[in-house]
There are 2 protein chains.
Amino acid sequence: MSELRGACIFGQSGGPTSVINSSAAGVIQEALKQDCITEVYGAAHGIKGVLDEMFYDMSKEDPYELDLLKTTPSSALGSVRYKLKKAEDDETDYKRLLEVFKKYNIRYFFYNGGNDSMDTCNKVSKYMQKSGYECRVMGVPKTVDNDLWGTDHCPGYGSAAKYIATSIMEVYHDARVYDTGMITVLEIMGRNAGWLTAASALAAYKGNGPDLIYLPEIPFDMEKFLADATEIYNKNKKVIIAVSEGIRDKDGKYISEYGSDLAQSKDAFGHSQLGGLASTLANIVKNKTGAKVRGIEFSLLQRCAAHVGSLTDVNEAYLAGQMAVRYAVEGKSDYMVAFERAQGPEYKCNIKLINLTDVANTEKKIPREWINKEGNGLTQDFIDYALPLIQGESKPVLENGLPRFANLKKVLAKK
Amino acid sequence: MSELRGACIFGQSGGPTSVINSSAAGVIQEALKQDCITEVYGAAHGIKGVLDEMFYDMSKEDPYELDLLKTTPSSALGSVRYKLKKAEDDETDYKRLLEVFKKYNIRYFFYNGGNDSMDTCNKVSKYMQKSGYECRVMGVPKTVDNDLWGTDHCPGYGSAAKYIATSIMEVYHDARVYDTGMITVLEIMGRNAGWLTAASALAAYKGNGPDLIYLPEIPFDMEKFLADATEIYNKNKKVIIAVSEGIRDKDGKYISEYGSDLAQSKDAFGHSQLGGLASTLANIVKNKTGAKVRGIEFSLLQRCAAHVGSLTDVNEAYLAGQMAVRYAVEGKSDYMVAFERAQGPEYKCNIKLINLTDVANTEKKIPREWINKEGNGLTQDFIDYALPLIQGESKPVLENGLPRFANLKKVLAKK
């Protein structure tokens with residue numbers, strides 16, 4: 001391995017999480033320590049900031065504020081959803097990237113995100129190789145969806161899972177204070193993979209969770225769903241149901257789209273029925289059972305609730321960023337940092353590297369055997385998998401009883 | 001004062017909060033210590049449990065579980081929304097109550113709730129007086145709405161306010177990760193009083209809060225609202241708006257009802273528009289500005305999020321319950337325990353007693369002078385009022401990374 005001197009640039013991409021900034025802290029603080037890294041840049045809005053030559057000189061930031069990034073939710077540098085075209089089809093962006101890299105002597109590129117972002121990272125890596133421009137490229141995993149291939153789990157997932165399980169335990173108690181019947185439908189993020197919705201099973205494992213859990217991995221059968229919900233309602237008078245936003249019927253139609261159909265007709269009370277998936281399903285189940293219903297959507301809260309972050313997650317997110325830098329400095333390139341769970345009764349994850357080509361655009365779903373036979377709940381295998389990921393409390397710094405999040409100066413780099 | 005020996009009964013009533021069980025712990029633990037209190041009963045579902053002779057013997061509970069009540073959200077004994085008729089109109093319930101009180105020699109009645117519950121408490125008190133049955137009756141205040149008259153604030157409010165301010169600070173960061181425009185509308189509880197929605201001003205005070213805040217105290221002017229939102233959108237591209245569920249126009253019509261009207265017509269894209277207030281307003285503002293919008297409803301989460309409870313609130317809720325028992329044992333009756341804020345720079349609240357007659361059914365709203373001139377924000381007076389109430393962290397006991405809530409045995413009392 002030869003030492004490579006030059007600047008590094010770091011970008012955040014895709015939907016934010018509670019801990020993506022912890023990875024940022026890991027990359028930035030580690031990069032600032034490395035002698036061979038001459039400048040540490042943070043791209044404004046990911047790859048877009050690189051293309052637009054809009055990036056910040058991270059050495060200008062107060063070390064205390066960089067430390068606060070560990071418990072600051074969302075993307076402090078700004079995120080982006082921008083898909084690079086294939087270089088074969090259109091080289092414009094790539095030429096521009098190369099131009100910027102050369103201008104600032106950028107020799108290290110760290111990109112933090114999910115599937116689409118790893119695709120970007122992979123394309124940048126391959127183009128720089130092809131161009132003969134020496135640049136070490138490393139992906140840092142991130143996604144509340146937990147659907148990145150090749151890693152045991154993704155930073156961001158543990159904290160979102162902890163929020164979901166905790167909140168459901170609380171809603172569980174709230175939803176049963178009266179001696180009247182009530183059916184509560186909780187809508188949780190996840191278009192194609194049900195990892196986040198599955199986290200509701202952690203609340204069920206504690207005895208305060210959903211009776212029924214529906215994931216996008218299993219085609220949703222409305223008749224079966226209504227039968228299940230009605231049976232529990234008749235028995236217990238209280239039903240809690242967790243659903244992924246992305247559940248589809250056997251024909252692939254999103255259940256959330258059923259709302260528009262329902263709105264055409266009126267319900268028994270002459271009300272139009274529309275809204276998100278939670279209220280759509282709540283209305284359908286109300287018409288069937290006559291029960292009082294409530295639809296709750298966790299919305300953005302589930303991916304930004306740093307106040308109930310998992311310390312395991314925060315630390316692993318930091319480690320992923322830190323190790324990306326160390327491996328790159330050691331000469332590694334064209335990889336994503338990933339986690340590999342060690343065998344044994346104690347939870348321990350080791351870092352491994354996987355090829356960017358393998359991870360880009362490949363989705364990891366919940367194994368069928370972790371979902372119960374009926375397709376409406378999780379097995380103990382899932383609990384054993386997820387429980388270690390939510391351990392420990394991240395404890396964000398507070399001032400006056402409210403979080404103190406990082407305030408970055410964001411001094412633009414100039415050349 | 002003569003010593004009064006006999007049993008006590010405690011009931012929870014109305015919508016639950018994060019800390020109503022802390023008041024329960026205060027009443028129960030204090031009552032169990034008092035020699036003159038021979039039995040400590042907890043009514044299942046408030047006054048209904050008394051009428052149905054369904055109440056639990058609290059001495060049978062494990063002291064550790066009673067302690068856990070301090071950080072267990074919702075109503076552990078079960079709550080109720082049951083309005084006693086006026087005794088002049090229908091004495092049935094009152095006769096039954098008296099019968100039960102005599103049968104179990106109940107000489108202390110503690111009732112924990114908001115406006116309606118204090119009305120119940122007041123009626124029970126007056127009837128027992130009129131009947132010549134010696135029974136000491138004390139109300140314990142509770143409501144996330146903070147609208148009880150005669151007390152500086154209500155237990156339950158501080159924790160809900162802390163949740164709301166914290167969550168909005170997080171959403172604030174999440175809602176500005178992309179460099180595209182976005183208008184976020186947050187719907188917060190409060191039909192007639194805007195205290196909870198006003199708590200969003202604490203996030204704004206920290207620099208991460210709503211640009212606009214609309215309370216039910218001020219008639220909602222759609223034109224003015226759209227002009228305000230558009231102006232900020234054009235300037236900043238990001239707008240965060242907090243609204244009370246109970247905002248009404250100058251004719252007293254709920255803005256949430258505008259949704260049904262909108263559903264009759266279609267929007268520019270041919271979609272029906274309906275849903276809660278947040279999505280209704282988000283759609284209206286989208287049609288006006290063309291902006292990307294998002295509606296978020298905090299729903300039940302805001303009143304049960306014990307995981308981010310205010311320690312000040314938890315402790316005061318406990319104190320209110322404890323002091324109700326002590327005052328009753330000392331001979332006081334027909335009062336609600338209330339808080340009076342001491343003068344001076346340090347926050348301190350003393351306990352005072354107010355007549356149940358005065359508090360029953362009287363709503364306390366936000367003073368006009370605490371709302372800004374434009375009617376779309378709060379003044380520093382409100383911040384000074386609310387900030388002390390969210391101080392300290394309640395830190396619920398955790399097991400395996402998730403809350404460990406109280407498990408009561410609920411042994412039915414028999415006679």
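At what angle do the axes of helix α1 (residues 20-33) of chain A and helix α13 (residues 311-330) of chain A cross? The angle is roughly 35°, and the two axes come within 7 Å. The legends below describe a predicted model, in which local features need pLDDT of at least 70 and side-chain atom pairs count only at pLDDT 80 or more, while totals for chains, interfaces and linings use all residues. Residues are numbered from 1 along each chain as its sequence is written, and chains are lettered from A and ligands numbered from 1 in the order in which they are written.

**View 1. Helix α1(A) against helix α13(A).** The passage of α1(A) by α13(A) is a right-handed crossing (the near helix is turned clockwise from the far one by less than a right angle). Axes are lines fitted to C-alpha atoms, for helices over the stretch in contact, and angles run from 0 to 180 degrees between N-to-C directions. Helices (H or I, at least four residues) and strands (E, at least two) are DSSP runs numbered from the N terminus. From α1(A), residues including A:S22, A:A25, A:V27 and A:E30 meet residues of α13(A), among them A:V314, A:Y318, A:G321 and A:R326; contact requires C-beta atoms, placed from the backbone, to lie within 7 Å. By class, this contact has 11 nonpolar, 5 polar and 2 charged residues. Ala, Val, Leu, Ile, Met, Phe, Trp, Tyr, Cys and Pro count as nonpolar, Asp, Glu, Lys and Arg as charged, and the others, Gly among them, as polar.

**View 2. The mixed sheet of chain A.** Seven strands form an open sheet in the order β3-β2-β1-β4-β5-β10-β11, with mixed pairing (two strands pair if DSSP finds at least two bridges between them). At the edges stand β3 (55-57) and β11 (349-355) of chain A, each with a single partner strand, so one side of each lacks a neighbour in the sheet. From one strand to the next, the twist averages 30°. Strands β4 (residues 106-113) and β5 (residues 136-141) of chain A run parallel and are joined by 6 bridges; A:F109 stands opposite A:V137 in β5(A). Helix α1(A) lies across β1 (6-12), β2 (37-43), β4 and β5 of chain A, at about 175° to β1(A).

**View 3. The parallel sheet of chain B.** An open sheet of 4 strands has the order β7-β8-β6-β9, and the pairing is parallel. Its edges are β7 (212-214) and β9 (293-297) of chain B, each with a single partner strand, so one side of each is left without a neighbour. Strand β6 (residues 182-188) of chain B is joined to β8 (residues 238-244) of chain B by 7 bridges, and B:L186 has B:A242 in β8(B) as its bridge partner. Helix α9 (residues 222-236) of chain B packs on the sheet, touching β6, β7 and β8, with its direction at about 155° to that of β8(B). Helix α11 (residues 277-289) of chain B lies across β6, β8 and β9, running at about 165° to β9(B).

**View 4. The interface of chains A and B.** In this interface, 47 residues of chain A are in contact with 49 residues of chain B. On the chain A side, α6 (157-174), α12 (301-304) and β13 (402-403) each supply at least two residues; α6(A) gives the most, with 9 residues. By class, that side has 23 nonpolar, 18 polar and 6 charged residues.

**View 5. The relation of the two copies.** The same surface serves both copies, as 100% of the contact residues of chain A recur in chain B.

Key:
Two residues are in contact if their C-beta atoms, placed from the backbone, lie within 7 Å.
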